[in-house]
Amino acid sequence: MAAVRADLHTHSTASDGTDAPAALVAAAARAGLDVVALTDHDTAAGWDEALAAAPEGLEVVAGVEISAFSLEASGAEVSLHLLAYWPDGDEPALAAALLRLRESRDTRAQRMVSALAADGVAVTWEQVRADAGPEGVVGRPHVARALVRAGLLPDVSAAFTPAWIGGRGARYWAEKEELPAADAIALVRGAGGVPVFAHPLAARRGPTVTDTTIAALAAAGLAGLEVDHPDHLPAERAHLRGLARDLGLVVTGGSDHHGTNKTTPLGAETTSAEALAALRAQAGTT
Ligand code: AMP
Ligand code: FE
Ligand code: FE
Ligand code: ZN
């Protein structure tokens, strides 16, 4: 197969990226990509603008990154992200589930802001909501940006620590709703989409799942593993490649570009033409 440059993981202002969908697509073309997937958190709101902006020679893939969790044998609930490519955004069950996740993101960010305000930190929900934009999904980066604007932190990354909103147990942490991973896979398949486990072993983001969980998710309809991701170390990638081979899963890659909220450029990680074709072959088969 001819070499293609496909980045299958990016975020726009529809969630916690800083490029509007059309600007992201233009940047993808400038970066020399042949394929770019828009995978905003829990929303399809950026798709129309991104698809309409695709220039000759650049394919835009409609995707979403769904907030989910797995219940591990240890009893721990581990948060995870499920990428879904080409799902029907109007399929009622998936659309309703995504709406619920977005609503829960609003109330969770409000709880974080209230806890910060109670400690005298000058941030308001109105600011955070406005920063996310009228249709934008609120995420921790928006709360982080408010802390940067208030002069408390040097950059967005500095908020992802135990002193602020860095994860369960962090001082101003609040829980958001997540879908059981197998349910999320079923919803994606039910909407004709192709589910891929995003950054499955990115330990620096928090606890990760066991191989047993990955095997169970494969049996539940998972199509692929995002092996090539900036947060994966070489040993994690090697382990995941072995798992993908054993379980018959497609190996994908993506930059997880978030504009200036993170530093990874578009095209920093890519998916092979063969893998893209293998995913495409599964699209629309509910
Ligand atoms: P949320 O989905 O609202 O819990 O927020 C998680 C998001 O925060 C991720 O999708 C990333 O965009 C962002 N994020 C996580 N860790 C960092 C970090 N160290 N620096 C900047 N952004 C981060
Ligand atoms: Fe994000
Ligand atoms: Fe993610
Ligand atoms: Zn992402």
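**Pockets and ligand**

Reply: Starting with the second largest pocket: α7 gives the largest share of its lining, four residues. Keep in mind that this is a predicted model.

Me: Which residues lie nearest the centre of that second largest pocket?

Reply: S70, L71, T213, A216 and L217, out of 16 lining residues. The elements giving two or more residues to that lining are β3 (59–71), α6 (181–190) and α7 (211–219).

Me: And how does the lining of the second largest pocket divide by class?

Reply: Nine nonpolar, five polar and two charged. The space in there is about 200 Å³.

Me: OK, switching to the ligand. Where does ligand 1 sit?

Reply: In the largest pocket, which has a volume of about 1,200 Å³. Of the 49 residues lining the largest pocket, H81, R140, F160, R205 and G206 are the closest to its centre.

Me: Which residues come nearest to ligand 1 itself?

Reply: H41, R108, R140, S157 and H258, from the 14 around it. By class, the shell has three nonpolar, five polar and six charged residues.

Me: How much of ligand 1's accessible area does the protein cover?

Reply: 86% of the 500 Å² that ligand 1 has on its own.

Methods:
Residues are numbered from 1 along each chain as its sequence is written. Chains are lettered from A and ligands numbered from 1 in the order in which they are written. This is a predicted model: local features need pLDDT of at least 70, side-chain atom pairs count only at pLDDT 80 or more; totals for chains, interfaces and linings use all residues. Side-chain values use heavy atoms; hydrogens and water are left out. A residue is near a molecule or strand if one of its heavy atoms lies within 4 Å of it. Accessible areas come from the Shrake-Rupley method with a 1.4 Å probe; for residues, only the protein chains shown count as cover. On a 1 Å grid over the protein atoms alone, a cavity is a set of points where a 1.4 Å probe fits but cannot get out, and a pocket is an open set with protein on both sides within 12 Å along at least five of seven lines; lining residues have an atom within 4 Å of a point. A molecule sits in a cavity or pocket if more than half of its atoms lie within 2 Å of its grid points. Ala, Val, Leu, Ile, Met, Phe, Trp, Tyr, Cys and Pro count as nonpolar, Asp, Glu, Lys and Arg as charged, and the others, Gly among them, as polar. Grid points are joined across faces, edges and corners, and a volume is the space filled by probe spheres set on the points.
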